[in-house]
Amino acid sequence: MSTIPKTDSVLSASAEPSETAPVDSLSSDMDRPDGYVELGYGTFIPAGGPGDCTGSAYVFIGTVDGESITEVLLPDNLVDMGPRTFAQGEVGYDDQGRIATYTVAAGDVEGVIGDRLGLYNGDAIGMLNGHKGYEPIQPGEVLVINPELVPSFQYEDPYN
């Protein structure tokens with residue numbers, strides 16, 4: 001079985017998404033739907049982003065060549081579009097001003113936190129932080145949003 005190779009453009013918070021699929025990936029330009037960009041690992045999401053986000057980001061959790069990979073595939077730095085119903089928590093930044101963590105407030109919901117931060121699949125935030133699908137996030141919990149920016153982060157698969 002073939003795997004999709006990891007590309008350097010996926011790792012950089014300042015990297016722009018590819019408008020065409022890499023030559024050595026399992027996809028081709030013919031596979032990319034109009035209006036979508038490929039972020040890596042065969043992941044396609046709509047081009048552009050909500051609100052002030054220049055493009056949506058995507059939480060990737062998977063295995064490539066037997067290695068567990070967890071990262072945020074970024075077209076640009078995440079943008080906090082501000083508190084809203086079900087996403088009232090506090091955003092944490094690294095020393096370069098990039099969004100790294102999120103502290104959960106009472107009533108917060110993963111998908112809405114994702115919407116607030118321009119994450120296309122914000123509902124994956126819980127799993128990234130060790131929650132099974134049915135386990136709710138808790139007020140006061142500090143969630144890692146971008147594993148690359150939290151050196152102490154260790155992903156633990158909640159299903160293993």
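In this predicted model, strands β1 and β2 run antiparallel and are joined by four bridges. Across this pairing, Glu 38 sits opposite Phe 44 of β2. The hairpin formed by β1 and β2 has two residues between its strands, and here Tyr 41 adopts a positive phi near 55 degrees.

The ring centres of Tyr 41 and Phe 60 lie 4.0 Å apart and their planes meet at 10 degrees, so the pair is classed as stacked. The two partners come from distant parts of the chain, 19 residues apart: Tyr 41 belongs to the loop between β1 (36-40) and β2 (43-46), while Phe 60 belongs to strand β3 (residues 58-64).

Turning to the nonpolar cores, the largest comprises 26 residues, and Leu 78, Tyr 102, Ile 113, Leu 119 and Ile 145 have the most contacts inside it. At least two residues of this core are supplied by each of β6 (99-103), α2 (110-117), α3 (125-128) and β7 (142-144). Another core, of eight residues, lies apart from it and includes Val 37, Leu 39, Ile 45 and Val 64.

Leaving aside residues up to four places away in sequence, Ile 145 touches Val 72, Leu 78, Ile 99, Ala 100, Thr 101, Tyr 102, Leu 117, Leu 119, Ile 125 and Leu 128.

Notes: Residues are numbered from 1 along each chain as its sequence is written. This is a predicted model: local features need pLDDT of at least 70, side-chain atom pairs count only at pLDDT 80 or more; totals for chains, interfaces and linings use all residues. Side-chain values use heavy atoms; hydrogens and water are left out. Rings of Phe, Tyr and Trp (its six-membered ring) pair if their centres lie within 6.5 Å; planes under 30 degrees apart count as stacked, over 60 as edge-to-face and the rest as tilted. Two strands pair if DSSP finds at least two bridges between them. A nonpolar core is a set of buried Ala, Val, Leu, Ile, Met, Phe, Trp, Tyr and Cys residues joined through side-chain atoms within 4.5 Å. Buried means under 20% relative accessible area, exposed over 50%, partly exposed in between (1.4 Å probe, protein chains only). Contact means heavy atoms within 4.5 Å.
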